[in-house]
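Please open the model in your viewer and keep the selection panel at hand. The stops below say what to select next and what is there.

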Amino acid sequence: MSRPYAWRVLACLPILKGSACTKVSKEWQTQRRLSLYHSAMAPIIAEVNEICSKDAYYRFADKTVRKGRGFWHLLCMDGAEIAAASMCGTDNCPTCECPKEELDSTEDTYRLRHIEAVRSAVEKARAEHLNADGTVKERHKEKVPTSNNCLRVKIRPYSLPYNMLYDMLYDMLFAWSSSLTKNGP
Amino acid sequence: MVQLADEERALKHKLLVPNAYHKALDFDFLQAMPREELHQFLIGVYGDYVIPSTLYEIQQILRRPDLVTSKPGAENVRYLVSNEMLASVWARLRDRLSALDSSSSMVEVTVDYAAHFYDMYVDKHTGKHLTGERVRILLLTLPFLLRDLIAPEVTSHTYMLYGILYNMSYIICRSSMSTIQFVELSPALHCTNFSLFLIHVTV
């Protein structure tokens, strides 16, 4: 495994230096970097898949040629590379369902994330939120006001139209008068 | 309506870019990745807290409150270990780090890495970072590199203190000689062992 001939360089991946970009938006650069990484990895993964899909003759470490089949075993990655590959972010655990705010609760165990479930959930979400060309659908990227903001708008009397207030008062009077006439002496 | 950002947060997965690893054949890559716990320990605990606290402890030893040359309560405290001496300690640590090679310590450290370490932990450069694998090198080697790191400073302190003591003993000796003369001349103390005691103390 550690012999030089055991390693094969498949590709040198491009990097996107922020200082070389004309667009200075961090969000754009992050998105572009992620897109570049995965578009570069896609043909490599396809080639490795081809190796893994059929038997071939390989020269093993004992210098004997045997028939074998390659398989994906592990990914040797750094933290930033894990975040790029899993698209999870460096501040989240990619391997289990532990939410970000509970990362400090080391006594609890969480369900592991498996590729089948994640893949199907991601595909479903992509179909729901993205157009066919990969852009975000209308009103799927809006900033939704928080519950506090919603509540403030609802209870502010000045935001209500005058007619509505008048009608409401009228309704209250009507309810009072009708109930009084019905239930009164 | 669930928004894109909320969905991404819930799934812990970005949605705008298709993930190439999802097409890997029979490969649960989420479980095949290195565990983050060790990585978090290396960067989050060892790199961020243990190494700075170790360097701080060394500095505190060399900058002990009693190792000052200025008067007590002085506004500008002059330390016995000057800034130049302290800088030479960190330079020595950097040189020790860069001197590591695979034949002696199973890891090879370049001069650039040692300079990066110096910039990050001594100069406190905020833009410098170390990856988990790089911090692992420090975890393996730093306990050995820190051994006798401040021995020259401690030795020089000892010499300094010996020098101070020598000067003090010389002063005491000179004063005691006059005292002895005074004692010898004093009829009241002439019969006591006070003069002999002073000779024992000062010699």
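Helices and strands in this tour are DSSP runs, numbered from the N terminus, where a helix is H or I over at least four residues and a strand is E over at least two. The model is a predicted one, in which local features need pLDDT of at least 70 and side-chain atom pairs count only at pLDDT 80 or more, while totals for chains, interfaces and linings use all residues. Residues are numbered from 1 along each chain as its sequence is written, and chains are lettered from A and ligands numbered from 1 in the order in which they are written.

**The two chains**

Begin by selecting chain A, which has 5 helices and 2 strands, arranged along the sequence as α-β-β-α-α-α-α. Of its 185 residues, 9% count as buried, a residue being buried if 20 or more other C-beta atoms lie within 10 Å of its own, exposed if 12 or fewer, and partly exposed in between, with C-beta atoms placed from the backbone. Two residues are in contact if their C-beta atoms, placed from the backbone, lie within 7 Å; among contacts in chain A between residues at least 6 apart in sequence, 15% join residues at least 24 apart.

Now switch to chain B, where there are 9 helices and 0 strands. Buried residues make up 16% of the 203 residues of chain B, and, of the contacts in chain B with a separation of 6 or more, 51% are between residues 24 or more positions apart.

**Where the chains meet**

Show both chains together and select the contact, which takes 44 residues from chain A and 35 residues from chain B. On the side of chain B that touches chain A, at least two residues each come from α1 (4-11), α2 (29-32), α3 (36-62) and α7 (132-145) of chain B. The element that gives the most to that side is α2(B), with 4 residues. The residues of that side divide into 18 nonpolar, 8 polar and 9 charged, where Ala, Val, Leu, Ile, Met, Phe, Trp, Tyr, Cys and Pro count as nonpolar, Asp, Glu, Lys and Arg as charged, and the others, Gly among them, as polar.

**A pair of helices**

Next, select α3(A) and α1(B), which pack at an angle of about 180 degrees with their axes 11 Å apart; axes here are lines fitted to C-alpha atoms, for helices over the stretch in contact, and angles run from 0 to 180 degrees between N-to-C directions. The two helices, α3(A) and α1(B), are therefore roughly antiparallel to each other, a label given to angles over 145 degrees. Their contact is made by Ala121(A), Val122(A), Ala125(A) and His129(A) on α3(A), and by Leu4(B), Glu7(B) and Leu11(B) on α1(B).

Stay here and select Leu15(B), which is placed in the loop between α1 and α2 of chain B. Leu15(B) counts as buried because it has 22 C-beta neighbours inside 10 Å. Not counting residues up to four places away in sequence, Leu15(B) touches Val122(A), Ala125(A), Arg126(A), His129(A), Leu130(A), Leu4(B), Glu7(B) and Glu8(B). From Leu15(B) to Leu4(B), 11 residues apart in sequence, the C-alpha to C-alpha distance is 7.9 Å.

**The largest nonpolar core**

A nonpolar core is a set of buried Ala, Val, Leu, Ile, Met, Phe, Trp, Tyr and Cys residues joined through C-beta atoms within 7 Å. In the largest one, which has 15 residues, select Ala85(A), Tyr21(B), Ala24(B), Phe29(B), Leu30(B) and Met33(B), the members that touch the most others. At least two residues of this core come from each of α1 (26-53), α2 (79-86) and α3 (115-129) of chain A and α2 of chain B, and the largest share, 3 residues, belongs to α2(A). Leaving aside neighbours within four places in sequence, Met33(B) is in contact with Leu75(A), Met77(A), Ile82(A), Ser86(A), Pro94(A) and Thr95(A).

**Loops with a positive phi**

Most residues other than glycine have a negative phi. Select Asp26(B), whose phi is near 50 degrees, in the loop between α1 and α2 of chain B; Asp26(B) is exposed, with 10 other C-beta atoms within 10 Å. Then move to Asp148(B), with a positive phi of about 55 degrees, in the loop between α7 and α8 (151-185) of chain B. Asp148(B) is exposed because 8 other C-beta atoms lie within 10 Å.

Definitions and conventions: Parallel < 35°, antiparallel > 145°, perpendicular 65-115°, else oblique.
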